[in-house]
Amino acid sequence: MTDLTRLTAAEIAARIASGEVTAVEVTEAHLARIEAVDEKVHAFLHVDREGALAQARAVDEKRERGEELGPLAGVPLALKDIFTTKGIPTTVGSKILEGWIPPYDATLTKRLRDADVVVLGKTNMDEFAMGSSTENSAFGPTGNPWDLTRIPGGSGGGSSASLASFQAPLAIGTDTGGSIRQPAAVTGTVGVKPTYGAVSRYGMVAFSSSLDQGGPCARTVLDAALLHEVIAGHDPLDSTSIDAPVPAVVEAARNGSVQGMRVGVVKEFAGEGYQAGVMQRFNESVELLRELGAEIVELSCPSFDKALAAYYLIAPSECSSNLARFDAMRYGLRTGDDGTKSAEEVTALTRAEGFGPEVKRRIMLGTYALSSGYYDAYYGSAQKVRTLIKRDFEKAFEQVDVVVSPTTPTTAFPIGERADDPMAMYLADLCTIPANLAGNAAMSLPCGLAPEDGLPVGLQIIAPAMADDRLYKVGAAVEAALTAKWGHPLLEEAPSL
């Protein structure tokens, strides 16, 4: 019998719908896989075995009654531990929320349940989504299935690692400065940051509200598109949610083509700090796009050089405001409440114990940037740079349909290598941040292995806001051409765990 954990989400859904396998069999196969390998990988913070099997049974009962099943009914999914899940712990990778059980589901969680997607559990992440390596989790790092001594990306390394280790065929991530795309790139998987406002943020624990965006993670472009259609759409509970139809992403993924498209290559996405093997695979991908019928256009977006600096003022400023709610008075950890201390002292003791070093660093940076006398010099200036980046993208999209770049400057680095060097860590998001600052849609998909270390390289595709379908049209064409060239999906080359 076929190993159910090796099938794509589309294949699993088709087999469940036809009655070839049951949703319970599929769920049990993935739970067995988690039990077998997650001790080594540490992708999950919480596995909801009973809940997952109950959801799977409900799907099988629906099919037995002859009810129509949705396109992902019965397909298992790993959910990043930043979305609230009623009755299941939500920690955001932080000690300050350890053991907190939310009383409600996030809109995204509810949409998954309504679509009969089986939620296996919650995945590990950098604390409050602050990081590029999943090393900042209060519950320990996650390993990259290609090499367990290396990082799986961040902040959503648990979600990407669950896909690359075949513990789940689908996952959910969030992307504030690259936290869906960068993990996808270093694990050889597909990750999509939808247009800002396309997926509801209601029930998603806030880091930087003007940048945070939930999105689909998968092993194929089509699977990502199927998940995208389930989670996207207007939500009146989220004031930044876009009230517009979801672009036809599944149709685009089924009809991949770049014939006649103009593809932009930005000269600022290259140079010092980029690994030779990453640039080699990227340049080969550009040539492939040309062979597939695309016109390649060289672009210059000078403001992109300032994107990293602008991001690391805007994101910490918003985080210092958002994380003020963790005051020991409402929920989560409470330290030092022995009846002798004031509310201020209890709050200070709780935050000192509950937050990790990176979260404290960003709160301090953000509070300083917003303080009287510095606001205009720092936060105000960063927002002006953000406008320039948006204008550079607008000019670029007058000339091209999509922009392509490497997703990350390097392949996965060893765990611990950049732990004491925040600037080196922040550089992992060099290529991904501009799309967040502008609110555009972006995707990472595997484009090969770097010759020097045999680790995955990601190709990033960026499209204008609400043109998410272009990502899937281009992504599916590249994926099909590369899979034909390799003779198999890239993940088949990953070492066995």
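Helices (H or I, at least four residues) and strands (E, at least two) are DSSP runs, numbered from the N terminus. The structure is a predicted model, in which local features need pLDDT of at least 70 and side-chain atom pairs count only at pLDDT 80 or more, while totals for chains, interfaces and linings use all residues. Residues are numbered from 1 along each chain as its sequence is written, and side-chain values use heavy atoms, with hydrogens and water left out.

The chain contains 16 helices and eleven strands. Its C-alpha atoms fill a box of roughly 65 × 55 × 45 Å along the principal axes. The radius of gyration, taken over C-alpha atoms, can be set against a globule rule of 2.2 Å times the number of residues to the power 0.38. For 497 residues a compact globule would have a value near 23 Å, and the chain, with 21 Å, agrees with this.

A residue is called buried under 20% relative accessible area, exposed over 50%, and partly exposed in between (1.4 Å probe, protein chains only). Of the 497 residues in the chain, 61% are buried. A contact means heavy atoms within 4.5 Å. Among the contacts in the chain with a separation of 6 or more, 76% are between residues 24 or more positions apart.

Helix α5 covers residues 157-164, and eight of its eight residues are buried. These residues are G157, G158, S159, S160, A161, S162, L163 and A164. Just after α5, F166 takes a positive phi of about 60°. Most residues other than glycine have a negative phi, and most peptide bonds are trans.

F128, in the loop between β3 and α5, has a phi of about 55°. With a relative accessible area of 1%, F128 is buried. H42 has a positive phi of about 60° and sits in the loop between α2 (23-41) and β1 (44-47). H42 is partly exposed, because its relative accessible area is 22%.

The next stop is Q275, in the loop between β7 (262-266) and α9 (276-291). Q275 has a relative accessible area of 16% and therefore counts as buried. Leaving aside neighbours within four places in sequence, Q275 is in contact with P409, T410, T411, A450, E452 and D453. With E452, the side chain of Q275 also makes a polar contact of 3.3 Å. A polar contact is a pair of N or O atoms within 3.5 Å; within protein, one must be able to donate a hydrogen and the other to accept it, and residues adjacent in sequence count only if both atoms are side-chain atoms.

In helix α9 itself, L288 can be found. L288 is buried, at 12% relative accessibility. Apart from neighbours within four places in sequence, the contacts of L288 are V478, A481 and L482.
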